[in-house]
Amino acid sequence: MLSEYACLILTLPCITGHGLTCSLRTRVATTMSRQHISLKDITIGTKRWTAKVIMEAKGMPRSSQRSPVKYQRMILRDSAGTKVQATIFESDIDKFSDVLTLYKTYYISNVVVKTILSQYRIAKNDYQWHINSKTVVEEVTEEYSSISVPPYNFVSFSEFSKYINSDVYVDVIGVVIHAYPPREIPTVNGPQKIQELLLVDQQLIPKILTMWDQFIENECAAIVKNIKSKPIIAAYRIRIVSFNGGSMSTKGSSTFVINPDIPEAARLKSWCVDNKAEFEQLTLKKSYVGSSSSAIKPPASHEIIEVKDIQSLEEKQTTFWLQAKISIPHSNKKYWYIACNKCYRRTNIDYKQTFDCVHCAEKQATAMPRCLLKVQLSDKTGALIATLFGENAEKFICCSAETLMQNSTEWYIYLLSIFLFFSKYMRNLRKFGQIKII
């Protein structure tokens, strides 16, 4: 006969920092309601508490960028809507893999409560939890759960233009209809690996989702494994970027659920059955390919700053709008350089010669010209120098780097400078002293 709850103690090998063996304690589903406190009342100094929470989001295990430490992050929520970020480390991850499940409700106690820096915070809570082998987890039956699956505010693909290059992260849901092979792309931090997925929503709008870094090995690998079944994915805390007129990109705090057990996914799955014939055509037509600027709306007047105000911007604000006149100063000596066609680093190799790049380790790199253009942006309050690279510079002056290489004479650049002397909104300017658009 069960009393308030049945207790199950599992003794598992777990070596602590002191070389002692400890045990993981969990409990089977309770048959009665228990006393618990709200998440907002739990701080570092709170003693002997129990919380009743639902697992709202659960990321896959991954390693820290600065150390080999393995961790798994999740978001827990109580009935009042208060959320807390919880993390499990190293060997404890496997111990809780089958204990803590998405969308289930639990009584949890005996966790380590710590403060969390704002840059690592993904829930509106000044504290975070560290769940370890001493944490007690007790699943709550449906009868006593009283916490429903949280309502999600998924953003429609047609609304992406509102969020392009903003600091607002969004939640989206869609059908994965195609997976492109992983590839390396050049970035300001050197070559990085990405993998792109093609998603559609119920409006049959195709959009690209770019997976970066460890998302490729974890979440993306699981999605690709099920690609033939056209899986539904719910993606949380995704950034919308201007690429292809509005596409999705992962951040370190992004989480994914494949075929989530929520009403939105059920409706999408039913719709998917009737529209599979359209998916192949969308993939072949590549209708998601568009201008990176076509979806950018002109800024409101209050969003535009003046040159004199750039230095006073908050450190965290790295993008801004500026309305200025553009001219090419005579200080430009060269408007292109020879670079590796993979990582775009400068090289002394002759044009179109193949070589082994020491920067990106490409064995068959080709030396190609890349456009580099310094321009002056000026308004009534001052002026600054901006540097344009690659395709951005070529589009701006309407000619290729090869044309510049063959025609780098003063008269040619003089004609360009006349053409460029006009007012234009400059977007995505990065604040590094000198402004570089990359």
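User: I'd like to start with one residue. Where in the chain is Lys-230 found?

Analyst: Lys-230 is found in the loop between α3 and β15. Keep in mind that this is a predicted model.

User: Which residues is Lys-230 in contact with, leaving aside its neighbours within four places in sequence?

Analyst: They are Val-175, Val-176, Ile-177, Lys-269, Cys-272, Lys-276 and Phe-279. Two of those names come back in a moment: Cys-272 and Phe-279 are among the buried residues of helix α4.

User: Okay, let's look at the whole protein. How many helices and strands does it have?

Analyst: There are seven helices and 25 strands. Of the 438 residues, 46% count as buried. For contacts between residues at least 6 apart in sequence, 63% join residues at least 24 apart.

User: Now α4. How do I read a helix, and which of its residues are buried?

Analyst: The general idea first: an α-helix has 3.6 residues a turn, so residues three or four places apart point the same way. In α4, the buried residues are Ala-265, Leu-268, Trp-271, Cys-272, Asn-275, Phe-279, Leu-282 and Thr-283. What covers them includes the strands β11, β13, β14 and β15.

User: How many residues does α4 have, and what span does it reach?

Analyst: Helix α4 runs over residues 263-285, which makes 23 residues, and it reaches 31 Å from first C-alpha to last, close to the expected 33 Å. There's also a kink of about 70° in α4, centred on Asn-275, and Asn-275 is one of the buried residues too.

User: Are Leu-204 and Arg-237 buried, exposed or in between?

Analyst: In between. Leu-204 has a relative accessible area of 26%, so it is partly exposed. Arg-237 is partly exposed as well, at 25%.

User: How should I read a nonpolar core, and which residues of the largest one touch the most other members?

Analyst: In soluble globular proteins, nonpolar side chains tend to be buried together. In this model the largest nonpolar core has 32 residues, and Leu-373, Val-375 and Leu-377 touch the most other members. The elements giving two or more residues to this core are β19, β20, β22, β23, α5 and α6. β22 gives the largest share, six residues. As a close-up, the contacts of Val-375 include Ile-326, Ile-328, Leu-384, Leu-388 and Phe-396.

User: Last one: how do I read aromatic pairs, and how many are counted?

Analyst: A pair of aromatic rings is described by the distance of the centres and the angle of the planes. The count here is five. For Trp-49 and Trp-129, the centres are 5.1 Å apart and the planes are at 35°, so the pair is tilted. Trp-49 sits in the loop between β2 and β3 and Trp-129 in strand β9, 80 residues apart. Trp-49 is buried at 7%, and Trp-129 is buried at 2%. Phe-215 and Phe-256 make an edge-to-face pair, with 5.7 Å centre to centre and 75° between the planes. That one links helix α3 with strand β17, across 41 residues, and both phenylalanines are buried.

Technical notes
Residues are numbered from 1 along each chain as its sequence is written. Side-chain values use heavy atoms; hydrogens and water are left out. A nonpolar core is a set of buried Ala, Val, Leu, Ile, Met, Phe, Trp, Tyr and Cys residues joined through side-chain atoms within 4.5 Å. Buried means under 20% relative accessible area, exposed over 50%, partly exposed in between (1.4 Å probe, protein chains only). Helices (H or I, at least four residues) and strands (E, at least two) are DSSP runs, numbered from the N terminus. Contact means heavy atoms within 4.5 Å. The expected span of a helix is 1.5 Å times one less than its number of residues. The bend at a residue is the angle between axes fitted to the seven residues ending there and the seven starting there. Rings of Phe, Tyr and Trp (its six-membered ring) pair if their centres lie within 6.5 Å; planes under 30 degrees apart count as stacked, over 60 as edge-to-face and the rest as tilted.
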